Amino acid sequence: MRTFGTHGPVNPEDHYVVSRRVEIADFIKRVKRGKYIVIFAPRQTGKTTFFQWAVDALTDDTDDTYFPIELNFEVYADYTGSDFYPSLYERIYDEIEGVFKKRGADLSEKLSDFLKNTEINDQVTMLAFFQDFGDFLRKEKLVLIIDEFDGIPRDAVNGFLHALRSIYVQRSLRKCPYSIGIVGVKNVTQLNLNRSISPFKIQDEFTLPNFSLEQVCELFGQYTDEVGQTFDPEVLENIHRQTAGQPFLVNRFAQILTEEMNIPKAETITMTHFSNAHIEIREEDNANLSHLMANIHKDPRYKTLLMRIVSYESGVRFNPRDDNISELTTLGVIGKASDGMCEIVNPIYQYCIMQAFKPTITDLSRIT
């Protein structure tokens, strides 16, 4: 039986999943237009799973139009630029072989010799490699997906982005890579770089939204179809309301209700069950709420800002040019409400933030 996943990427063989069909179609449409796509979203929002699915869809393209390879820069956080590029090439080499293997094809002798005799030591040799590799692709178009882009060594960022820009502005239809997706937690504009060198002016920002109510119902509906246990519709509405569709929290609610509360499978899950699960999820120290706590304590100034945001008397107008507001937004803590004010992104986060910053009683005479 499948389960609800809260650790790492999920897959439909082992987990109940939201298909993200509309979002994947949107992403692939941008790839086909040759866009350089910048995706920055908080952790545990399902972006890694999403882009693995997108890469699979491009790899399985029946016309073999696209040649997608996926890289992860998380492992390079402690590297220097001189160590980064040779290791990057090893990963690119492995990914190229992997695409051929998945398609049941072999590398030509000429391509194999080229890959074995090529080195990447800096952004210039990387640029040369992509130009030469493009000649082997014939009609195919290389699509490069870079996950955890924030892990790139600081001394490699400038040169790397210069190379991406150089590739992008080439007018030839043979530009290689044809499309690039940069995936990370921070926004590229927060990397303190010269704005003239990056995908700042050429990026096509892609937002991976939280689950809609319909998607929450789709997720729980898979469990009902497989197990037979039903949910009061009000339960699903309240799960979506309390989490605002945050993928980890939605799946964590599901785990508690279907795996940990020992509710008989023949019994409908009701609002009474929801209330108990709601209390548990707000009080536990799960991975998502631990990230939240770590993020809001990163800077002492966040406390004042967050307490003003939750205040009904004052509030804070959303200003994306304010450094603290921008940081908390990219960390997935706050967002822009319909009235233009800042808001905590979901009620569970708001509860936890108020608990974290509530005044400590120091007057012992007040304790009864």
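This is a predicted model: local features need pLDDT of at least 70, side-chain atom pairs count only at pLDDT 80 or more; totals for chains, interfaces and linings use all residues.
Reader: Which residues of α1 are buried?
Author: Glu-23, Ile-24, Phe-27, Ile-28, Arg-30 and Val-31. Down the axis of α1, those buried residues fall within an arc of 155 degrees, so they line one face of the helix. The arc is taken from the directions from the helix axis to the C-beta atoms. Buried means under 20% relative accessible area, exposed over 50%, and partly exposed in between (1.4 Å probe, protein chains only).

Reader: And what's exposed on the other side of α1?
Author: Arg-21 and Val-22. After α1 comes Gly-34, with a positive phi near 75 degrees.

Reader: How far apart are the end C-alpha atoms of α5?
Author: They are 21 Å apart, which agrees with the 21 Å that its 15 residues should span at 1.5 Å a residue. Met-126, Leu-127, Phe-129, Phe-130, Phe-133, Gly-134 and Leu-137 are buried in α5. Seen down the axis of α5, the buried residues keep within an arc of 160 degrees, so they line one face of this helix. Val-124 and Asp-135 are exposed on the other side of α5.

Reader: Where does Glu-119 sit?
Author: Glu-119 is in the loop between α4 (109-116) and α5 (123-137). At 59% relative accessibility, Glu-119 counts as exposed. Glu-119 and Phe-129 are ten residues apart in sequence, with 8.1 Å between their C-alpha atoms.

Reader: Switching to the second largest pocket. How much space lies in there?
Author: About 600 Å³. On a 1 Å grid over the protein atoms alone, a pocket is an open set of points with protein on both sides within 12 Å along at least five of seven lines, and lining residues have an atom within 4 Å of a point. Grid points are joined across faces, edges and corners, and the volume is the space filled by probe spheres set on the points.

Reader: Which residues lie nearest its centre?
Author: Gly-8, Gln-44, Thr-45, Gly-46 and Thr-49, out of 29 lining residues. Helices α2 (47-59), α9 (247-260) and α11 (287-296) each supply at least two residues of the lining, and α2 gives the most, with five.

Reader: How does the lining split by class?
Author: Twelve nonpolar, twelve polar and five charged residues. Ala, Val, Leu, Ile, Met, Phe, Trp, Tyr, Cys and Pro count as nonpolar, Asp, Glu, Lys and Arg as charged, and the others, Gly among them, as polar.

Reader: Backbone next. Which peptide bond is cis?
Author: The one from Cys-176 to Pro-177, with omega near 0 degrees. Pro-177 is in the loop between α6 (154-169) and β4 (179-184).

Reader: What about phi at Glu-148, positive or negative?
Author: Positive, about 50 degrees, although Glu-148 is not a glycine. Glu-148 lies in the loop between β3 (141-147) and α6, and counts as buried at 9% relative accessibility. Asn-262 also has a positive phi, near 55 degrees. Asn-262 is in the loop between α9 and α10 (271-283) and counts as exposed at 68% relative accessibility.

Reader: Last topic: how many disulfides are there?
Author: Zero in a search of the whole structure, where a disulfide is a pair of cysteine sulfur atoms within 2.5 Å. As for the cysteines, Cys-176 is buried, with a relative accessible area of 5%, whereas Cys-217 is partly exposed at 33%.

Definitions and conventions:
Residues are numbered from 1 along each chain as its sequence is written. Side-chain values use heavy atoms; hydrogens and water are left out. On a 1 Å grid over the protein atoms alone, a cavity is a set of points where a 1.4 Å probe fits but cannot get out, and a pocket is an open set with protein on both sides within 12 Å along at least five of seven lines; lining residues have an atom within 4 Å of a point. Helices (H or I, at least four residues) and strands (E, at least two) are DSSP runs, numbered from the N terminus. The expected span of a helix is 1.5 Å times one less than its number of residues.
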